[in-house]
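The sequence and structure come first.

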Amino acid sequence: MATSAPTPHAGDDNATDDDVVSLLMRQHGDIRNLFDEVESATGDERRDAFRRLVRLLAVHETAEEEVVHPFARRNLPGGDQVVDERLAEEREAKEVLASLEEADPDSPDFAERLRALRTAVQEHARAEERYEFTHIRRSGDAGRLAAMARGVKAAEAMAPTRPHPGVESGTANVLLGPLAALMDRTRDAVRSAMGG
């Protein structure tokens, strides 16, 4: 049986978490690396890498939905439109992720859908970096950026570990997130206990 590597989290690289944009950019790199790992692995190693990818994507997006998007709505020119476009991208990715979770990771269909997901996730990340992160860094002082970084880490600690399409807002995450996170963490513990 494959040994499960830990899923990267914000701050795992021991870099200072004094800037939310740097923190999220590092996570975008972790996500790209996990896609590489899933694509190059087979069998149990691929299943394990895919579970870690799903978890990182779920907690990363939840943190953005609770911390980054509200700031962007309030402080960026055209913030509502920018955030609405990112949420639509996130919803689409969550739907694909949810469908891939039950698929056989070694099937040709899985590999094809994973490539499509990777393309969508990378386009989404580029849009975040261009339309949100750049402006957040410009419009937030160092104290605000550090506070947002702490908020991202706190949100990730309570985030669901699986995609939940339709839960793409701060309000929905506050209402449903803790229950979904508890259910997800219970499922994770059961899978781990059963060796799967």
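Asp19 is buried, at a relative accessible area of 13%; buried means under 20%, exposed over 50% and partly exposed in between, with a 1.4 Å probe and protein chains only. This is a predicted model, in which local features need pLDDT of at least 70 and side-chain atom pairs count only at pLDDT 80 or more, while totals for chains, interfaces and linings use all residues. Residues are numbered from 1 along each chain as its sequence is written, and side-chain values use heavy atoms, with hydrogens and water left out.

Helices are DSSP runs of H or I with at least four residues, numbered from the N terminus. A polar atom of the Asp19 side chain lies 2.8 Å from the backbone nitrogen of Val21. Beyond neighbours within four places in sequence, Asp19 is in contact (heavy atoms within 4.5 Å) with Arg137, Leu145 and Ala149. Glu66 is 86 residues from Val152 in sequence, with 7.8 Å between their C-alpha atoms.

The largest nonpolar core has 19 residues; such a core is a set of buried Ala, Val, Leu, Ile, Met, Phe, Trp, Tyr and Cys residues joined through side-chain atoms within 4.5 Å. Two or more residues each come from α1, α2, α3 and α4 (108-139), and α2 gives the most, with seven. Apart from this core lies another of 15 residues, including Leu23 and Phe71.

Notes
A polar contact is a pair of N or O atoms within 3.5 Å; within protein, one must be able to donate a hydrogen and the other to accept it, and residues adjacent in sequence count only if both atoms are side-chain atoms.
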